[in-house]
Amino acid sequence: MAVDSALASPLGPPACEKDAKALRFIEEITRNADLVQERVLDEILSRNAEVEYLKRYKLDGATDRETFKSKLPVIKYEDLQPEIQRIANGDRSNILSAHPISEFLTSSGTSAGERKLMPTIKEELDRRQLLYSLLMPVMNLYVPGLEKGKGLYFLFVKSETKTPGGLLARPVLTSYYKSEHFKTRPYDPYNVYTSPNAAILCADSFQSMYTQMLCGLLERQQVLRLGAVFASGLLRAIRFLQLHWQLLASDIETGTLNNKITDPSVRDSVDEILKPNQELANFIRNECSNENWEGIITRIWPNTKYLDVIVTGAMAQYIPTLDYYSGGLPLACTMYASSECYFGLNLNPMCKPSEVSYTIMPNMAYFEFLPHEPADSFSGSTQKLVDLVNVEVGKEYELVITTYAGLCRYRVGDILRVTGFHNSAPQFHFVRRKNVLLSIDSDKTDEAELQTAVENATQLILREFNTSVVEYTSYADTNTIPGHYVIYWELLVKDSANSPTDVALSQCCLAMENSLNSVYRQGRVSDNSIGPLEIRVVRNGTFEELMDYAISRGASINQYKVPRCVNFTPIVELLDSRVVSAHFSPALPRWTPERRR
Ligand code: AMP
């Protein structure tokens, strides 16, 4: 490793000249964060001076912060829906951006049950690429020698659709993996993957996962890091291995790829590396047939130095399971990003998950911060927004962005807490996403969606069994892989001789699933990342006990409200100890890649 003192960076000695350049870049933009922000806003507003949206607010070509802040409202997705719909329907005039909208990125956040459509422009790919290019230079400061091996990353593309006006609508990572930026990336010894591009780009999730796992097994000694975007994805890969190791071992034994893999380019990509290897097949059979899967990751991939997965936010629920399978390998959360914009990176990626802070990169967009008071009754838009460099350590804010693609003062919905600064760029702990009650994978179910789902399901037992749901709460059960939603119901059965049957309650599970948003249903149907929804009927009086418990722990009896989601272990245990019957969704809910609107 070339560590030349001339290359030294305040972040640490870089591994090579390329890293030195990246680290210098981080230093430069974080030192001049405010100036960079001013320049970014000026650039966005000047190039978009003639677009319909900015003209509507009579910006008259002004590009300074004061005018911008005094004239433009802080908005949510729903406020932009008419403009987005026009673009989706084919209106090519400059509505939000002077640069043509190249495609829509489909967010895992939903509006009226459908994924939000985020407009994007071609050059945003360069910005995303730039952020990616900073990750390894930072990681190399903490983990030496990564150029001597490979990364086993489970990466997937998802289905894409076209809007009525012909624009592609697909997730941001699908857009990135299918771009030339990714497909024809130059060789970089620090960024070599075991997964062939063809496997990553294969739309069939079984074929893609199978091949990526196979290649990871074939090169198990070379694998130095293992990852997926989110923790749930890596656990899905482990589950896949549990289900399919026999097939994989037999391919390795014979040196021939299973004929379930039909995609010709995937077959070609494996041809080069798959040779009969009896010893490896025996090893895999031996490890995987063992009942005990504790530490399986380090047993199969013994040189793994860390797991590269996001375990902050909703993904924190998976930390114990990852620790179990990996024997406690470090978990590296490297970046914080969204469909709207990529935000920043973790400059200390080997820290504990609870200590992860993301440094916002001031060149990515113009950032503002809405002070967030937890039980605040004010409407957010009446509060003064704070600029990037002026946020205060210890305070919580909602992130508001103005992007090159044309979102102006857009509320992302993430709540962040300032933990410190790197130079003048603040570092944030991801606190939570607003209004998310339940999440297993990238699905985000809020209280209103759950309420509607319960109401819809209740109709099924109300009519036929004269039974109503007196109280309910929910729990994201991640003890199983994939995890699943559990809904606890306390029922009021009016005629005990005619109480709801298992069939009826199972149908209620399915009715709830059909009422949930499209990201949930896609997780169930297409990604297989969420298991069947379960209703656990609890005996009468359970929710009163729940209240007693809360009051015994200091809750006010006047203000007590049934929590619509529980995750505190004693409460889950109390509920589970009162369960009289459990029912699962008997079928997959409705889902097609096409949007309803
Ligand atoms: P999407 O637009 O579907 O890509 O979802 C983006 C959202 O995922 C963000 O707004 C966050 O709520 C969440 N997210 C992304 N990166 C992280 C991270 N590193 N830690 C926690 N949550 C994240």
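These legends accompany close-up views of a predicted model. Local features need pLDDT of at least 70 and side-chain atom pairs count only at pLDDT 80 or more, while totals for chains, interfaces and linings use all residues. Residues are numbered from 1 along each chain as its sequence is written, and side-chain values use heavy atoms, with hydrogens and water left out.

**View 1. An open sheet of four parallel strands, in the order 3-6-7-8**. Strands are DSSP runs of E, at least two residues long, and helices are runs of H or I of at least four residues; both are numbered from the N terminus. Two strands pair if DSSP finds at least two bridges between them. Strand 3 (150-154) and strand 8 (331-332) are the edges, each pairing on one side only. Strand 6 (residues 223-230) runs parallel to strand 7 (residues 306-310), and four bridges join them. R225 has Y306 in strand 7 as its bridge partner.

**View 2. A mixed open sheet of four strands, ordered 2-1-5-4**. The edge strands are strand 2 (114-121) and strand 4 (161-162), and each pairs on one side only. Helix 18 (residues 518-525) packs on this sheet and touches strand 1 and strand 2. Contact here means heavy atoms within 4.5 Å. The helix direction makes about 100° with that of strand 2. Axes are lines fitted to C-alpha atoms, for helices over the stretch in contact, and angles run from 0 to 180 degrees between N-to-C directions. Strand 1 (residues 101-111) pairs with strand 5 (residues 168-170) in the parallel sense, over two bridges. L105 is bridged to R170 in strand 5.

**View 3. The largest nonpolar core, with 172 residues**. Such a core is a set of buried Ala, Val, Leu, Ile, Met, Phe, Trp, Tyr and Cys residues joined through side-chain atoms within 4.5 Å. Buried means under 20% relative accessible area, exposed over 50%, partly exposed in between (1.4 Å probe, protein chains only). The members that touch the most others are L241, W301, F367, F369, L399, W489 and M512. Helix 11 (residues 231-254) gives the most to this core: eleven residues. Beyond its neighbours within four places in sequence, W301 contacts L152, M213, G216, L217, R220, V223, L226 and L241. A second, separate core has 14 residues, including L546, Y560, L574 and L575.

View 4. Polar contacts are pairs of N or O atoms within 3.5 Å. A polar side-chain atom of S108 is 2.5 Å from a ligand oxygen atom. For T312, a polar side-chain atom lies 2.6 Å from a ligand nitrogen atom. An N or O atom in the side chain of R433 is 2.9 Å from a ligand oxygen atom.

**View 5. Strand 19 (residues 534-538), mostly covered**. Five of its five residues are buried. E534, R536 and V538 lie on one side, I535 and V537 on the other. Strand 18 (residues 484-493) runs parallel to strand 19, with five bridges; W489 is the bridge partner of V537. Strand 20 (residues 579-584) pairs with strand 19 in the antiparallel sense, also over five bridges. There, I535 stands opposite H583.

View 6. P482 sits in the loop between strand 17 (467-477) and strand 18. N423, not a glycine, has a positive phi of about 55°. N423 lies between strand 15 (410-422) and strand 16 (425-433).

Methods: A polar contact is a pair of N or O atoms within 3.5 Å; within protein, one must be able to donate a hydrogen and the other to accept it, and residues adjacent in sequence count only if both atoms are side-chain atoms.
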